[in-house]
Amino acid sequence: MKIPLEWLGQFVNVKEIPIKKLAEDISLAICEVEEIINPTVFDIRIGEIKSIKKIASSKKLNIAKVEVGNKQLLNIIFGDWFPIKKGDRVPVAVAPTILPTGMKIKKKELAGFLSEGMLVADSELGLNVSKEGIIRFTKSTKLGTNVLQFLGLAEILDLKITPNRGDLLSIYGFARDLSAFYGHKLNRFITPSLNFDHKHLTHNLSIKVDIESAVKRYSALKISGIKNTISPDWMQKRLISAGMRPINSVVDCTNYVMLELGQPLHAFDFEKISEIDSDRGQTSGIREIIIRRTKNDETITALDENKYNLPTGSIVIADYKKILALAGLIGSKDSGVTENTTQIVLESAIFNPINISQTSKALGLVTDASQRFEREIDSEITVSALKRVAGLIIEICGGKISSEIFDHKISHKKIIEKIIFSLDRLNKVSGTNFSINVVEKILHRLEFQIIKKTKKTLEIIPPSWRYDINLEEDVFEEIIRIYGYNHVSPTLPSGELSLSINNNNFSLENKIAQICSNLGWNETQTFSFYSPSEIKISKISAENHVKLQNPLGPETSILRASLLPGLLKSLHKNINSTLSDLSLFEIGHIFIKTNEKISEQLYISGVNLTANLNDCVLHVRLVIDQIFNLFNSHFIINQKLSTQAEILQKSKVIGTISILDSSLVLSDRQKRNAIYFEINLDELFNNQLATNLFQEIPPYPSVNRDVTIIIDKKIYLGDLIDDLQKIDDKIRKVELQDIYQKDKNDPKAVTLRIIYQDKDKTLTDEEVMTMHETVINNFKNEHHLKIK
Amino acid sequence: MKQLLDQIKQIKQKVKDDLKSKLSADEIKNKYLSRKGKLNNILKNLKNFSADEKKIIGQEANNLKQFIQQEIRKLENKNLSNVNFHDLTIPSTETFFGSIHPIRSMQTELVNIFSKIGFDIASGPEVETDWYNFEALNIGKNHPARADQDSFYIDETHLLRTQTSSVQLRVLENIKPPIRIIAPGRIFRRDSVDATHTPTFHQIEGIIVDENITFADLKGILTYAARQIFSSQTQTRFRISYFPFVEPGAEMDVSCPFCVNINTHCSVCKNSKWIEILGCGVVHPKVLKNAHIDPKKYQGIAFGMGIERPFMIKHQIPSIKLFYENDLIFLSQFK
C-alpha cells in the first residue's frame, strides 16, 4: 500500500518528523515500510524526440536524438516496444541514474552506438499512468522537468500491511493509527451531508438482497445528470502517487474514496441495468439490482477484458437478465461507466470475507477491493463512504441525487464482545511493569472504549474497525507496540529445564556427516522432488512414489523416494571439473507410499567416482565401516547380484551398495567407475546399542601373521574373512592389508593380516604356527586358493 | 594514498631485483626491514591518513613484509648443510578434502547456541497434515496468511510443511511443561527459483512453555543468540509483525555487521543499518488450548528463523540457489 505523505498530511500532521525517522517509527510499531520513494533521486526528465533513425544492423533498435532541457541533446537507443514518433514528449532517464524499480541506468554501447539514457515506460516508473504503457506529455510542458515531481509525487511510503490489519488499508485508517502512535491530533473525517431534493427522485431503482448470509451491508444511491469527464489535477496526482491509473472522473472518485477511507465502491451505469418487464409485456421503467449467488456455469466478461467462469455460489450483483458485477472483485464490462454515462448507481457494501476470498482464490483474481473485503471493513463506514463519493462526483461531474439511500443492513448483528483486561497478566506476559494509567492512556489513544475500571482490571470494547482485537492478548500487543517493543528490557528466562526429550538423532546425523567429510566426501543438499523420468533411476516403482498435487512444473512433481537422482545431478554438476576421485553424499528424508500411507525415512546416500574399481569399492567400504563403527554395530554385506549387495544389520536389510551403470554417469571424459551406497539412518539409530560397558583389555600379547592369497576366480572376500574368523576363537581379527592386481583381468593378490590372541595366556610360537597352518590349509582345501 | 601504494609496489620490485643480483639474507634484511629500512620509511607517513586508508595501506605493507621475510627464509635455507638432509615441506597427496554442507554447519551452529541455554532438539515430518501446519497454529482454511505461504499439496489433508512451526503442536501435545525445545528442519514453499527463493529451504523453530516465561525473556534469548551468531557488538531491535500463532508478534532485526562506515553504500542492509532475521512472539492461547495446555496457567514464547539466510549474511553469499547446486567450488569453501 502506497501512502503519499502529502495526502497523509490531510489527516495527521507529521511534517516535523524527518522521513527516515517516520519510516522507522512506522516499521517498529505499525507495519513494515518496504520503501521510501523520493522522486528527486531519480533523474527522469520530460524529453522531446527530435529525430529517429533505425539502426541498420539491428532488427528492433532505433536511435533518437532527445532534448532533455537546457538545449541538452542525448543519443538514446530504444526498442520497438512503444510507438514513438518525432515530436513526442516522454519520460527520459538521463544516465547515470536509477529508476524507482531499482534498475541502474548507465551510458552504454548498443549495436555500436552509445546510448546516454533510456526512454522510461510506466512499469519502470513504478506507476500505472497511461493506457499505452508509456506516458506522453503535452507541448505545454517544460522540457527537462523532473517527471515524478511533475506527476505530483512527493515522498511516498510503500507499506506492507499484515493480513490482520485491514484497518490500515486506507490513508485515513493509517493516519488514525499513526496519530495514536504519536499522540498527535487526528483531523477526523466528517461525513458530508447531501442535498436530497424530492423533485429529482425518480423512483425507478429497486434493490433486492437475495442472500442474507453473505452480505453484511448493502447501501446504494443513484445520481442523474452527470457529465463524466477527466478528473481534476489534484485527484489525478493523488491517485497516481498511490499507484492507481486515472480513468474517468466517476471511476476515479470511487477509487479515490476507497483509498481515502478503505471502503471499496462501485459505480454502475444505470441505463445498462435491464428494465423489468411489466405485466402487460411493456417496459415498466423500473430497473432492479439483485444480489444473489451464482448458479452452475455462469460467466462474466469483466472490466479487465477477461472472461471468468464463476464458481457456483459466488456472490454477484445482477439484474434479472445478466450479471453486472462479481461482488467485491470486479465489475462486468457491459455495466461499467463510460464518458457517455449520465446516470449512475453507486454501491457501497460489505460482503462476507470468506466468500470473497474463496472466489478470489478460485479465479486467481486479486483486486484492490477483494484485498480489503478479505481483511474486513469497518461496518460503520459504509454509508459515510457512499455519501463522500456521491458528494465528490456531484462536485466534479455535476448531477443531482435521484434516489433515496438504500441501506440494507443485515441484522445478525455481532454482539459487541467486551474484553476483560488484567494488568497483572499484561505484566506477567510482557515481563515489564506497566501501570494502569499508562495502559489507559494508550487504549484511549487507540480509541478503545473503557466501560469499567478497577485498580487492576479494565472492561474494554475495541473500535469498530479493529476486527483483529478479540482477546486480552490482542490488547497486550496494542499496549506493548505503542509503548514500544524496544522499551521492554530483555531478560533471560529462569525456570526449570525440561528433561522430557532425549533425542540425539541430530547429533548422530552430524557425526556421520563429519565422518564422511573427514574421509574426503563432500556433503550436498538437493531438492526433495524430481521428475517422473527419474523414477526409473531410483529403482523404486512409480506406485510407491508420492505425487504433488500442485508442483511448480513436471520436472519437480514427484517426491523423492531415493536420494540417488539428486546425487546424480550433483555429480554431473562437478563431473568434469574434478579429474581425480569424486565423492558426494547427502543426508535427507525420502518418501515411500505403500497402501496410501506415506512413510518418511532418513537416509544417507553417497556416490564415489574413481578410476580403479577396487579403489572405488574400498573408498565406499571405508565410509560404511566407519559409520557402523560409530554405533559399535555389526553388519553383513550380502552380495546378491553381480553389481549389487545388501547391507544387513540383525538380518534386516538397511542399505545397499551398487555399481552404477555407466548409462547413469553421463559424459565422464575419464570413464571412471561409480559406486553408490545408501543406509537407512532411522533403522540404524533405532538399533543403537545400549551404553557400552567396559571390556577388559587382554593382558597377554597378540601375534600377527600375514598371508597372501591369489584369487583367480569368483569369490567374495567379505565372506572369506567371515569364515576365517570362525575357525578358531583365538583369531581375534583379520585385517585386509593390500590388494594387488596388475591388470583388470589378472588374478588379485590379497594380503591378509591375521591377529592371534588368547585371553588366558601368552600364545607360544608353536601354537600360533599350528593355527596359522590350519588357516592356510583352509584356504587351500576349502576354497582351493593358491598361497603366495 | 595512491602514491604510497605505488611506492610499496616499487619496493617489491626492488627486492626481486636484489634477489637476482644475489644479495645476502642479511643485506636484504638490513635494507628493507630494519628500523631505518625502506618499509619503515613508508609506515612513518601512515599517521597522515584516515582510518580506512590506514587499513588498506597497512594491509599492503604487511603483505610486502611477509613476502620479504619468506624470501629471506628461503635464502637462509639454502645455506643449511646437506648432511642429514630431510625435507619437511612435502605436501600431502590428498587431492581434495571433504566438506560439510553449509546448511548443516549453520544448523549445528544454531543448535549449539540454543543448547547452551537449555534447549532440547525435537523434530517432525516433512510431509505434514493441514492440522499441524496450519489449523492448530490458528491459521484457518480461509486465513489470508495462507496466501503468503503457498504450499505444495499431496492430497486434501497432507502437504509439505511450509514452516518448522509445525513441530510446535507435535511437541506440546506429547510432553508436559516446562518445555524448551528447538526444531531444525527442511521446509517447502511454492516459489520458483531465483536469487532469494528456492522451493526447498530450512528453518529452525524454538519454543518455551512455562509458567513465567515472558516477552522480555524472548528478547533476551534472541539477543543472546544474535550476538553468538554475529558478534558481541550486535544490536537487536524488535518490530511489530503478525503470525497467527503468536500474540504479541514481532520480527527481529540485527544491526548490519558490515556497514561500519556510514558513508559507503552497504549492499547487505541497503543502508538501513538493520537486517531482518526472524519472526517471534508470545504463543497464542489458542495454540496452547489446541495442545490441551491451560493458557491461564502456562504461557509460551516461540521463534522461527531461516538457516540459509543468516549464513548468506555472514558469508556474503549472493544467491540461495548456490546451496542446492552443489558446485564443489562452492561447497569446499565451507568446512
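Trainee: Is A:K322 buried or exposed, or partly exposed?
Mentor: A:K322 is partly exposed, with a relative accessible area of 26%. Buried means under 20% relative accessible area, exposed means over 50%, and partly exposed is in between (1.4 Å probe, protein chains only). A:D319, on the other hand, is buried at 2%.

Trainee: Which residue does A:K322 form a salt bridge with?
Mentor: First the general idea: side chains of opposite charge can pair when their charged atoms come close. The rule for a salt bridge is a side-chain nitrogen of Lys or Arg within 4 Å of a carboxyl oxygen of Asp or Glu. Here A:K322 pairs with A:D319, with the closest N and O atoms 2.9 Å apart.
One caution: this is a predicted model, where local features need pLDDT of at least 70 and side-chain atom pairs count only at pLDDT 80 or more, while totals for chains, interfaces and linings use all residues. Side-chain values use heavy atoms, leaving out hydrogens and water; residues are numbered from 1 along each chain as its sequence is written, and chains are lettered from A and ligands numbered from 1 in the order in which they are written.

Trainee: How many salt bridges are there over all chains?
Mentor: A search of the whole structure gives 55. One of them joins A:K733 and A:E735 at 3.5 Å, N to O; A:K733 is partly exposed at 38%, and A:E735 is partly exposed at 27%.

Trainee: How many cross the interface of chain B and chain A?
Mentor: The rule finds three there. B:R104 and A:E523 form a salt bridge, their closest N and O atoms being 2.9 Å apart.
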